[in-house]
Amino acid sequence: METELSQFLSQKSVLGADSVEILLEFWKKGKRLKSKELLLNFNQQDSNLYFVKEGCVRLFVIDKNGEQINLGFGYENSLITCFQAFIEGKPSLMSIEAILDTELIAIAKADLMRLIHANSEIALWYQSMLEYTLTGHIQRQVELLTLKPHERYSVFIKRSGHLINRIPLKYIASYLMMKPETLSRIRAKIS
């Protein structure tokens with residue numbers, strides 16, 4: 001199937017080679033999105049988990065003032081979905097939009113759940129993926145509530161610095177809960 005997905009599933013994983021092969025059989029061929037194209041819109045339902053083979057997407061909500069607030073990014077060799085819609089089967093509370101031309105590979109939740117029930121390694125992989133995602137979201141909340149803007153930027157650079165020259169700074173500023181001008185000033189001081 002896809003080399004990138006196979007490598008992703010094999011590295012840092014509880015999955016043995018047989019489980020990786022079983023899992024790979026259920027991922028569907030890629031979906032291509034052009035920049036600014038939506039994968040998922042607010043209030044839509046989607047029951048797929050996506051692997052980002054190439055490109056970058058953003059998860060965002062629109063606040064009461066009509067401002068788009070970025071909640072996260074999905075980029076090469078990462079998994080992305082609206083977990084609330086994926087897990088609960090309810091309409092999405094957010095949108096997912098391609099920032100760059102993006103290629104995704106999907107696995108349907110129904111297929112994944114069947115594999116989880118049939119294969120303990122895949123079940124353990126899924127559980128660890130959810131735990132990793134949850135702890136990442138909790139860490140981000142702590143950072144937003146406790147760190148100063150320049151500290152949030154420093155953490156972002158350490159964790160996701162490869163995005164800084166690939167995507168518009170307005171998306172990064174929104175993700176860091178600051179105005180683009182503030183981010184520009186912080187970057188100018190650091191440079």
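**Close-up 1. Lys36 in the loop between S1 and strand S2 of a predicted model.** In this predicted model, Lys36 has its place in the loop that runs between S1 and strand S2 (38-40). The backbone of Lys36 has a phi near 80°, a positive value in a residue other than glycine. Lys36 counts as exposed because its relative accessible area is 51%, and the cut-off for that class is over 50%.

**Close-up 2. Asn77 in the loop between strands S5 and S6.** Asn77 lies in the loop between strand S5 (68-75) and strand S6 (78-80), and although Asn77 is not a glycine, its phi is positive, at about 65°. With a relative accessible area of 39%, Asn77 is partly exposed.

**Close-up 3. The loop between H4 and H5 at Asn119.** Asn119 is found in the loop between H4 and H5, where its relative accessible area of 15% makes it buried, the limit for that class being under 20%. When residues up to four places away in sequence are not counted, Asn119 touches Ser19 and Ile22.

Close-up 4. Val20 is part of helix H2, which covers residues 17-24, and Val20 counts as buried because its relative accessibility is 2%. Leaving aside neighbours within four places in sequence, Val20 is in contact with Ser6, Leu9, Ser10 and Leu15. Gln7 is 13 residues from Val20 in sequence, and the C-alpha atoms of Gln7 and Val20 are 9.3 Å apart in space.

Close-up 5. Strand S3 (residues 48-54) and S6 are joined in the antiparallel sense over three bridges, and Phe51 has Leu79 in S6 as its bridge partner.

**Close-up 6. The salt bridge between Asp111 and Lys28.** The side chains of Asp111 and Lys28 meet in a salt bridge, with an N to O distance of 3.8 Å. Asp111 lies in helix H4 (residues 109-118) and Lys28 in strand S1 (residues 28-33), so the pair ties together parts that are 83 residues apart in sequence. Asp111 counts as buried because its relative accessibility is 11%, whereas Lys28, at 44% relative accessibility, counts as partly exposed.

**Close-up 7. The salt bridge between Arg58 and Glu97.** Arg58 and Glu97 form a salt bridge in which the closest N and O atoms are 2.8 Å apart. This pair links distant parts of the chain, with Arg58 in strand S4 (residues 56-62) and Glu97 in strand S7 (residues 95-98), 39 residues apart. Both Arg58 and Glu97 are buried.

Close-up 8. Glu143 counts as buried because its relative accessibility is 9%, while Arg159, at 43% relative accessibility, counts as partly exposed. Elsewhere, salt bridges that share partners join Lys28, Asp111 and Arg114 into one network, and the count of salt bridges comes to seven.

**Close-up 9. A nonpolar patch on the surface.** Leu134, Ile138 and Val142 form a nonpolar patch on the surface, and together these residues have about 270 Å² of accessible area. Ile138, one of the three, lies in helix H5, which covers residues 120-146. Ile138 counts as partly exposed because its relative accessibility is 47%, which passes the cut-off of over 30% relative accessible area that applies to residues of such patches.

Terms used
Residues numbered from 1 in each chain as written. Predicted model: local features only at pLDDT ≥ 70, side-chain atom pairs only at ≥ 80, totals over all residues. Heavy atoms only, no water. Patch = residues over 30% accessible without salt bridge, like charges linked within 9 Å, V, L, I, M, F, W, Y side chains within 5 Å. Areas by Shrake-Rupley, 256 points an atom, 1.4 Å probe, with all protein chains shown as cover. Salt bridge = Lys/Arg side-chain N within 4 Å of Asp/Glu carboxyl O. Helix = DSSP H or I, 4+ residues; strand = E, 2+ residues; numbered from the N terminus. Buried < 20%, exposed > 50% of the residue type's maximum accessible area, 1.4 Å probe, protein only. Contact = heavy atoms within 4.5 Å. Pairing = 2+ DSSP bridges.
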